[in-house]
Amino acid sequence: MKKHELIFWSLKVPLDFLIIFSAFFLAREIRLMTDLIPGIQLPIQTIDTLSLVNFALFWGFIYILTFSFHKLYFLQIFSSKIKEFLEILRYWFYAFIFFSVFIFLWNGIVYETEIPRLIIGFAFWLGTIWVILERIFLNNLQYYLLKKWIIPKRQILLINNKKSEKIQKILADIKLANIYKIIWYTNSKEISDFPYKYRWSIDDLQKLLEKNKCDEVLYIDSDYTKKELLQLWELSRIFWLRYRYITNSFDITKTNTTLWLIHNIPVIELENTSLNNWWKIWKRFFDIIASSFGLIFCFPLLIIIWILIKIEDPKGPIFFKNRRVWENGRLFNLYKFRYMKWDYCIKDAYGIWQNNDKALKYEQELIKKQSSRSWPLYKIKNDPRKTKIWTFIEKYSFDEIPQFFNIFIWNMSLVWPRPHQPREVEKYELKQKRLLTIKPWLTGMAQVNGRENNDFKQEMWLDIFYIENWSVLLDFKIILKTFWVILERIKK
């Protein structure tokens, strides 16, 4: 995502709210002058400023919520403008109906002051017109800046095996769109008359994508095998690129697709996840509330476990820090209650660097001898490093409580794929790196479906399923199922 896309997206929410709020006050001023009904002069009705502010704030909240749930703040600005305006009218009308029903049913219960119906009607039409004009202005401004190269255009990689004369219309439409720059094309064979730089192997292409020099992939046609095309598609997801193809030119169907236009060319985008930027904000808000509540609720238990750990092994900290890999391959410290004696803790996460860390060597020996899971995952059976208190806190999953700190500071989320250690990530296959495109979790699909009984491939596919099929409902199902899993472990 380019910075200018995020800036223009972030402008829409406050501008919409300001428009809605102002529309109510202009509607009141119009009502004081006229009812706009030819041949009829209705008695003038108005409302005090404080009550009008409350009604305007409420409708603003309903409007923003309605548009957010229906993806009208999606970053894509280059789709059909008519479709966008029709969608605005549609969901604006839904917000209007909800607002009208609410003020009718709750008059005298939630509030006492009645707002004149004509003020509501005027505000509805004023807001509709202004929001559409705002969208036209923002879209045209962004389009103009792109056209004049004031802000960078989206860089496209073409997958193509056709001569330029056979795809002139496609190339012309990409140029006429004025928002794209073709930087390379790739295929198993080079095309002699094609006017763009050629990249041939998937491995060569991967090196270029790792340098973040491409924004999206557009598939036209190719001589690649199906396996190579799947690998290329996987690369686009790993490096968070848009993958689109000319309609009917790809023989793999996916449910997470969206139809767009590049000027007059219909293209289909394979979306990485349904978790767009608005939902990320909602998810972050939920994480802050959930982690704050979790820390407050578990604070007495945290103190008790703190004391018990210190009694058994006083020379070490109570938190076990473990280096994990999160979004985009960055490292962070995952917190747990320390379950092993301090001498057995690997020290790098504590800022203590040792060339020959005896604790690390001992752990590697235990993994070879006693691991119950297949590499790159491991779980050491009858771990001799454990403290006595560990049996208690592991059974009730109390060891996970400190991870509420990770969630609060935002290097984890309440529900996401699991974070792995760097030495586990080093063993990943290319397709498994898809798990590093988003933040890690406290709980997730693999955690509530098999847990430690899953091998790595099963866990990977469960987590990728979550990424591709994310929804608020799925998050709540996982959270509820997590409590059920904990209760089942307590019963054993």
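Guide: A residue is called buried when its relative accessible area is under 20%, exposed when over 50%, and partly exposed in between, using a 1.4 Å probe and protein chains only. This is a predicted model, in which local features need pLDDT of at least 70 and side-chain atom pairs count only at pLDDT 80 or more, while totals for chains, interfaces and linings use all residues. Residues are numbered from 1 along each chain as its sequence is written, and side-chain values use heavy atoms, with hydrogens and water left out.

Visitor: Is Thr387 buried or exposed?

Guide: Thr387 is buried, because its relative accessible area is 8%. Helices (H or I, at least four residues) and strands (E, at least two) are DSSP runs, numbered from the N terminus. Thr387 belongs to the loop between α9 (358–370) and α10 (388–395).

Visitor: Which residues is Thr387 in contact with, leaving aside its neighbours within four places in sequence?

Guide: Contact means heavy atoms within 4.5 Å. On that basis, Thr387 meets Glu312, Arg338, Tyr339, Met340 and Lys341.

Visitor: How is Asn382 placed, buried or exposed?

Guide: Asn382 is also in the loop between α9 and α10, but Asn382 is exposed, because its relative accessible area is 73%. Its phi is positive, about 50°, although Asn382 is not a glycine.

Visitor: Where does Trp240 lie?

Guide: Trp240 lies in the loop between α7 (226–238) and β5 (242–246). Its phi is near 60°, a positive value in a residue other than glycine. With a relative accessible area of 33%, Trp240 is partly exposed.

Visitor: What is the span of helix α4?

Guide: The expected span of a helix is 1.5 Å times one less than its number of residues. Helix α4 (residues 117–147) has 31 residues and should therefore span 45 Å; its end C-alpha atoms are 45 Å apart, which agrees. Just after α4, Trp149 has a positive phi of about 60°.

Visitor: How many residues has the largest nonpolar core?

Guide: In soluble globular proteins, nonpolar side chains tend to be buried together. A nonpolar core is a set of buried Ala, Val, Leu, Ile, Met, Phe, Trp, Tyr and Cys residues joined through side-chain atoms within 4.5 Å. The largest has 41 residues, and Phe337, Leu414, Tyr466 and Ile478 have the most contacts inside it. Helix α8 (residues 277–312) gives the most to this core, with 7 residues.

Visitor: Where does pLDDT stay under 50?

Guide: pLDDT is the predictor's confidence in each residue, from 0 to 100. It stays under 50 over residues 248–253. Where pLDDT is low, the predicted coordinates should not be read in detail.
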